[in-house]
Amino acid sequence: MLLFVYGTLKRGFSNYHEMEKLEGTFISEAQTVREFPLVVATECGIPALLNLPGHFKGSRVTGWPRQPA
């Protein structure tokens, strides 16, 4: 199973230090084939992708697949 890391969890962004705590291997930079809507639905401003193809306007998302240890 791969973990798709996007947004501030990517290397060089503000929350990457959280990813450094996890064991695993960075695969490569990648982009989703489908478009996903991105919402900020919490008081803390945490973004989330919705797996609702065709229901909302979205974008292809660039992220980093990781192989967890």
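Visitor: What percentage of the residues of the protein chain count as buried?
Guide: This is a predicted model. A residue is called buried when its relative accessible area is under 20%. Of the 69 residues in the protein chain, the share that counts as buried is 19%.

Visitor: What pattern do the helix and strands follow along the sequence?
Guide: The protein chain has one helix and six strands. Read along the sequence, their pattern is β-α-β-β-β-β-β.

Visitor: Among contacts between residues at least 6 apart in sequence, what percentage join residues at least 24 apart?
Guide: The C-alpha trace spans about 35 × 30 × 20 Å along its principal axes. Among contacts in the protein chain between residues at least 6 apart in sequence, the part that joins residues at least 24 apart is 67%.

Visitor: Which domain does UniProt place at residues 3-62?
Guide: The end C-alpha atoms of residues 3-62 lie 13 Å apart, and the span is 8% helix and 27% strand. The UniProt entry is unreviewed, and the domain feature it gives for this span is "Gamma-glutamylcyclotransferase AIG2-like".

Visitor: Arg66 is buried; which side chain of opposite charge is nearest to Arg66?
Guide: Arg66 sits in strand E6, residues 62-68. The residues that Arg66 touches, beyond those up to four places away in sequence, include Met1, Leu3, Val5, Leu22, Phe26 and Ile27. A salt bridge requires a nitrogen to oxygen distance within 4 Å. Arg66 has no salt bridge, and the nearest side chain of opposite charge, 8.5 Å away, is Glu20.

Visitor: Lys10 is also buried; how far away is the nearest side chain of opposite charge?
Guide: Lys10 lies in the loop between strand E1 (3-6) and helix H1 (16-20). Not counting residues up to four places away in sequence, Lys10 touches Val5, Tyr16, Thr62, Gly63 and Trp64. Lys10 has no salt bridge, and the distance to the nearest side chain of opposite charge, Glu29, is 5.7 Å.

Visitor: Is Glu29 buried or exposed?
Guide: Glu29 is found in the loop between strand E2 (24-26) and strand E3 (30-31). Leaving out residues up to four places away in sequence, Glu29 touches Thr62, Gly63 and Trp64. The relative accessibility of Glu29 is 55%, so Glu29 counts as exposed.

Visitor: How far apart are the C-alpha atoms of Leu9 and Gln31?
Guide: Leu9 is in the loop between E1 and H1, and at 31% relative accessibility Leu9 counts as partly exposed. Leaving aside neighbours within four places in sequence, Leu9 is in contact with Asn15, Tyr16, Glu18 and Met19. Gln31 is 22 residues from Leu9 along the chain, and the separation of their C-alpha atoms is 15 Å.

Visitor: How far apart are the mean positions of the positive and negative charges?
Guide: The protein chain carries 7 positive and 6 negative charges. The separation between the mean positions of these charges is 8 Å.

Definitions and conventions. Residues numbered from 1 in each chain as written. Predicted model: local features only at pLDDT ≥ 70, side-chain atom pairs only at ≥ 80, totals over all residues. Heavy atoms only, no water. Helix = DSSP H or I, 4+ residues; strand = E, 2+ residues; numbered from the N terminus. Buried < 20%, exposed > 50% of the residue type's maximum accessible area, 1.4 Å probe, protein only. Contact = heavy atoms within 4.5 Å. Lys, Arg positive; Asp, Glu negative; His and termini not counted. Charge placed at Lys NZ, Arg CZ, Asp CG, Glu CD. UniProt positions renumbered as here; feature names shortened; annotations may be inferred.
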